[in-house]
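Please look over the sequence and the structure before reading on.

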Amino acid sequence: TEARKGARMALTVTGTGGLALLGALLLIGHITGTYELNEVLDKANLIHASDLYTPTLILFLLGAFTKSAQFPFHFWLRHAMSGPTPVSAYLHSATMVKAGVFLMARFYPVMAGTEQWFIIVSLTGMITMLIGAYVALFKHDLKGLLAYSTISHLGLITLLFGLGGVFHIINHAVFKASLFMAAGIIDHESGTRDMRKLNGLWKYMPYTATLAMVAALSMAGVPLLNGFLSKEMLFAETLSQDTL
């Protein structure tokens with residue numbers, strides 16, 4: 001079935017990325033002489049000065065990018081949404097896709113701060129953000145639209161890590177889980193997720209409509225909602241960049 005195909009694809013892509021991450025961790029241990037994370041985080045200068053820094057960074061980012069569905073590994077997330085709605089909401093908002101993001105956050109003190117990090121992470125995040133947003137414009141399936149929206153936001157979060165921000169991670173988990181659950185309710189009650197066949201649901205499903213509208217406004221960055229705050233922080237961060 002489509003769901004099983006998506007599951008196998010997700011396991012293959014993220015598992016392969018996990019092997020690259022393992023190679024990066026072995027190189028980090030070789031450079032620093034320890035695998036204790038607290039000790040590794042204090043040796044940023046040693047890692048940056050090593051001849052092995054660039055291959056270590058590439059392997060590390062391969063592991064992070066595959067898990068967080070960054071370009072060109074973004075395709076698995078679209079197929080993984082074939083599962084049940086609660087699984088989709090969990091997967092797309094806060095679990096697997098955030099594993100790669102959390103990885104970049106945890107190792108930010110030792111891996112970031114170089115020109116290589118800035119170029120690779122920022123460029124990959126920007127490409128992923130634009131591709132996800134563009135493809136989402138042509139989707140009629142509610143969950144398909146949200147899946148590519150997730151890819152776009154993961155690109156935005158990765159771009160934030162290239163620039164130094166993290167607040168949008170929490171916001172994305174909240175509003176995207178809400179939107180996926182709303183899509184599941186609509187599918188269950190109406191029998192379809194095709195937006196071309198859905199109209200006037202606010203009259204029949206006011207609570208679901210209110211939930212979806214608030215979550216969508218937050219995702220759009222409307223003032224007074226948390227999405228506005230994190231996106232405003234992105235703009236503020238870009239104005240202060242002088243790396244390149």
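The side chains of Asp187 and Arg193 meet in a salt bridge, with 3.3 Å from N to O, where a salt bridge is a side-chain nitrogen of Lys or Arg within 4 Å of a carboxyl oxygen of Asp or Glu. The model is a predicted one, in which local features need pLDDT of at least 70 and side-chain atom pairs count only at pLDDT 80 or more, while totals for chains, interfaces and linings use all residues. Residues are numbered from 1 along each chain as its sequence is written, and side-chain values use heavy atoms, with hydrogens and water left out.

**Salt bridges**

Side chains of opposite charge can pair when their charged atoms come close. By the rule stated above, the count comes to 3 salt bridges, and they are listed here.

| Asp141 | Arg193 | 3.1 Å |

Asp141, Asp187 and Arg193 are linked in a network of salt bridges. Asp141 and Arg193 meet in one of these bridges; Asp141 lies in the loop between H9 and helix H10 (142–163), and Arg193 in the loop between helix H11 (168–190) and helix H12 (201–204), so the pair ties together parts that are 52 residues apart in sequence. Helices here are DSSP runs (H or I, at least four residues), numbered from the N terminus.

As for exposure, buried means under 20% relative accessible area, exposed over 50%, and partly exposed in between, with a 1.4 Å probe and protein chains only. Asp141 is partly exposed at 24%, and Asp187 is partly exposed with a value of 24%. In the remaining pair, Arg196 is exposed at 60%, whereas Asp194 is buried at 15%.

**Packing of H11 and H13**

The axes of H11 and helix H13 (residues 206–220) come within 9 Å and cross at roughly 145°; axes are lines fitted to C-alpha atoms, for helices over the stretch in contact, and angles run from 0 to 180 degrees between N-to-C directions.

**A residue in H9**

Thr124 is found in helix H9 (residues 115–136). Is Thr124 buried or exposed? Thr124 is buried, with a relative accessible area of 12%, and, not counting residues up to four places away in sequence, Thr124 touches Phe65, Gln70 and Phe71.

Key: Helix = DSSP H or I, 4+ residues; strand = E, 2+ residues; numbered from the N terminus. Contact = heavy atoms within 4.5 Å.
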